[in-house]
Amino acid sequence: MRVNKWGVGVVLATAVLLTGCTGGGSDSTTEKKPSAGASQQAEAPEMDCPELKDGASLDGSVLGDCVADAMSETAGYAATSSVMGIDSTARVNPSDKAIETISPAGSLIVIGDDVWVKSATSDWQAADPSSSDPVIAALSASAADASLLDPTKAADAVTGAFTVTGTGERLGQAVYLLSGTMEQQGTAVEVVFEVTADYVVLASSSSASLEGQSVEVTMEITEWDVRQEIVAPV
């Protein structure tokens, strides 16, 4: 995965699925629509995925494949995340190739091949990687990696070994806490996924040391399998 310095936090976030695409936030108390099979324990064996239980271990590539299978049919999702202390929101409709990310540092909207970006001090504008505004240029260049917020694509980045270290609850679903270490461009990233029995990731957290700086990322899905209203800016 190619990374520019502006996008380091985004890449770490997407690498641990939100992308999500993108743990330790407060549990949601609002009833949301879970994934179509989130409560069906039999789904995982049908995908030839290991049964999740306390102490179970699995390879990151297997985890990634199972997550991609489980999350591939979503109508859309919304998530909140914090990257190095910067809070942001993301909304995704995979069928439309539509993505919206909003944060104080900068925002973007992708709909198919069209991309719009906005800095903290500018209006929405068409993406321009050669812009004289460094923030607009960086946002525009980073749009190529925005598709990683699609959970099925972000799952491809999962590597390493993971172990079930506990359980919890998200969006009314029981989740298993899978802890492990991934390597991203030579950097060790400590990761905890919160995964339903049929491998839908509803939250994640990660931490890494990058060039002497501690980088922490958290993500929580707030709506799953719910189509999002993503429209071109006017």
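Strand β2 (residues 77-83) is largely enclosed by the rest of the structure, because 6 of its 7 residues are buried, where buried denotes under 20% relative accessible area, exposed over 50%, and partly exposed the range in between, with a 1.4 Å probe and protein chains only. Strands, like helices, are DSSP runs numbered from the N terminus, with at least two residues in state E for a strand and at least four in state H or I for a helix. The structure is a predicted model, in which local features require pLDDT of at least 70 and side-chain atom pairs count only at pLDDT 80 or more, whereas totals for chains, interfaces and linings use all residues. Residues are numbered from 1 along each chain as its sequence is written, and side-chain values use heavy atoms, with hydrogens and water left out.

Strand β2 is paired with two strands, pairing being assigned if DSSP finds at least two bridges between them. With strand β3 (residues 86-93), β2 runs antiparallel and is joined by 7 bridges, and within this pairing Y77 stands opposite V92 of β3. The two strands form a hairpin with 2 residues between them, and in the turn M84 adopts a positive phi of about 50°. Strand β12 (residues 213-224) is likewise antiparallel to β2, to which 7 bridges join it; here V83 has V217 of β12 as its bridge partner.

Across the chain as a whole, 5 helices and 12 strands are assigned. Of the 234 residues, 49% are buried. The accessible surface amounts to about 10,900 Å², with 49% of that area belonging to carbon and sulfur atoms; accessible areas were computed by the Shrake-Rupley method with a 1.4 Å probe, and for residues only the protein chains shown count as cover.

Residue A203 is located in strand β11 (residues 201-210) and counts as buried because its relative accessibility is 0%. The C-alpha atoms of A203 and S81 are separated by 9.4 Å in space, while the two residues lie 122 residues apart in sequence.

Positive phi values also occur in K97 and D225, neither of which is a glycine. For K97, which is found in the loop between β3 and β4 (98-102), phi is about 50°, and the residue is exposed, with a relative accessible area of 61%. For D225, which lies in the segment after β12, phi is near 60°, and the residue is buried, with a relative accessible area of 11%.
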